[in-house]
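Keep the picture beside you and look up each residue as we come to it.

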Amino acid sequence: MKVTSAVLEKMGAQSPYEESKPIVIRELELDAPGRGEVLIEIKAAGLCHSDLSVINGSRPRPLPMALGHEAAGVVVETGEDVHDLQVGDHVVCIFVATCGHCAPCQEGRPALCEEGAKTNSNGTLLSGAKRLHDGNHYINHHLGVSAFSSYVVTSRNSLVKIDPSIPFEKAALFGCAVMTGVGAVVNTAKVKMGNSVAVVGLGGVGLSALLGAIAAGAREVIAVDINPSKLAFAKTLGATHVFNSRDEDVIDQIKKVTDGGVEFAFETAGAVPAMKVAYHITRRGGTTTTTGLPHPDHEFSFPQVTLTADEKVLKGSYLGSCVPSRDIPRFIELYKQGRLPVDKLLSDVIPLEKINEGFDRLTNGEVNRIVVTP
Ligand SMILES: NC(=O)c1ccc[n+]([C@@H]2O[C@H](COP(=O)([O-])OP(=O)(O)OC[C@H]3O[C@@H](n4cnc5c(N)ncnc54)[C@H](O)[C@@H]3O)[C@@H](O)[C@H]2O)c1
Ligand SMILES: [Zn+2]
Ligand SMILES: [Zn+2]
């Protein structure tokens, strides 16, 4: 079938992208779903920094690539051997498809699925196939999804069925920002009621972590960013204190207010300077967790002795260490009860044609989450 898709044609283009136009809206051919695959109509897809990192070259991927991974849609057709999804079901896309039999999958850590990681790097679906093409020229898939498209074919294992009462533009956020941010707090770091928390970097992921920390019952939730408008917004969500990490003495300021640092700090900017703040504001015996995905050449260093003498813990969190089919319905239920108001993170809904401008707005840090409706 013919579909419309946003394809990244060049990596590392100069911003503003509205002028350099690294993403081109193309009409492509989409093959029918193969065994274990599903055809989805995409209703809403969020602009995540991980898309931006492919555009600006921080996270190099094979080109041309049909971008997008944070999405919600409707099942249109199921391929052979898909028995647990029906036409008309509402689904959220997951950015790591899981094979179910590699070592991490066996250990109940699907975020680390080896097949999922390999096929994501190769720009294919879990089956190894590419389904989008222009004549004989096949287009790479972004994270097994390619969500900035009117229709996509994904692995069944890239999908979680959701409650159909949730509007698509809100449901989409659960696929990446919410799963990553809330999951980092409750699954990776395991924040408990009464803990003190700081979040450094207040984009879709960091603001979700902030909401997750509040929902988990943290007594103190400190929000840190370089953008004053993000700090003001974090206050409206319930941050107890806000700090600008452009202040040279920001670490001392936070340590003073928290009497030596927080029990749990999260780095959700994807930048080494943010990681430095997060690590140093973690108190003795505390845990620093990062969800950031900076360029592979960017290294973070710290005095090794602090890990030992202060018994600090350093953790990475991918996909919020979630089991998506377990956690997405849970997080949606909390949202429905008003205990995880992630709809507040939705800054704007724009047409697919404005996607380059949308990424300019994400680059400038002026928005939380923008969603496109392909
Ligand atoms: N681990 C995962 O599974 C996963 C999933 C999604 C996104 N990510 C990564 O998480 C990071 C955040 O993603 P996002 O979509 O929320 O990004 P975003 O662009 O929406 O937000 C980043 C925020 O960090 C702030 N920031 C930048 N430098 C800072 C600094 N030095 N100190 C404090 N704040 C700073 C920016 O002002 C912005 O508000 C990215 O690296 C992204 O690739 C990881
Ligand atoms: Zn993402
Ligand atoms: Zn696996």
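## Backbone, ligand and pocket

Aspartate 81 is found in the loop between strand S5 (70-78) and strand S6 (90-93); helices (H or I, at least four residues) and strands (E, at least two) are DSSP runs, numbered from the N terminus. Its phi is near 70°, a positive value in a residue other than glycine. Most residues other than glycine have a negative phi, and most peptide bonds are trans.

A word on the source: this is a predicted model, in which local features need pLDDT of at least 70, side-chain atom pairs count only at pLDDT 80 or more, and totals for chains, interfaces and linings use all residues. Residues are numbered from 1 along each chain as its sequence is written, chains are lettered from A and ligands numbered from 1 in the order in which they are written, and side-chain values use heavy atoms, with hydrogens and water left out.

Two cis peptide bonds can be looked up as well. One joins serine 15 and proline 16, with omega about 5°, and proline 16 sits in the loop between strand S1 (2-8) and helix H1 (17-20). Another runs from leucine 63 to proline 64, with omega near -10°; proline 64 belongs to the loop between H2 and strand S4 (65-66).

Now turn to ligand 1. Which residues come nearest to it? Of the 29 residues around ligand 1 (a heavy atom within 4 Å), they are His49, Ser50, Asp225, Ser245 and Leu319. The table lists polar contacts, which are pairs of N or O atoms within 3.5 Å; within protein, one must be able to donate a hydrogen and the other to accept it, and residues adjacent in sequence count only if both atoms are side-chain atoms.

| Residue | Its atom | Distance to an oxygen atom of ligand 1 |
|---|---|---|
| Histidine 49 | polar side-chain atom | 2.5 Å |
| Aspartate 225 | polar side-chain atom | 2.6 Å |
| Glycine 204 | backbone N or O atom | 3.2 Å |

Helix H2 (49-55), H5, helix H6 (204-216) and helix H9 (272-280) each give at least two residues to the shell around ligand 1. At least three shell residues come from each of domain 1 (2-161 + 341-373) and domain 2 (181-318), with bounds from an automatic or database domain assignment.

Where does the second largest pocket lie? Both domain 1 and domain 2 give residues to its lining, so this pocket lies between them. Here a pocket is, on a 1 Å grid over the protein atoms alone, an open set of points where a 1.4 Å probe fits, with protein on both sides within 12 Å along at least five of seven lines; lining residues have an atom within 4 Å of a point. The lining has 15 residues, and Arg109, Leu112, Thr188, Ser321 and Cys322 lie nearest the centre.
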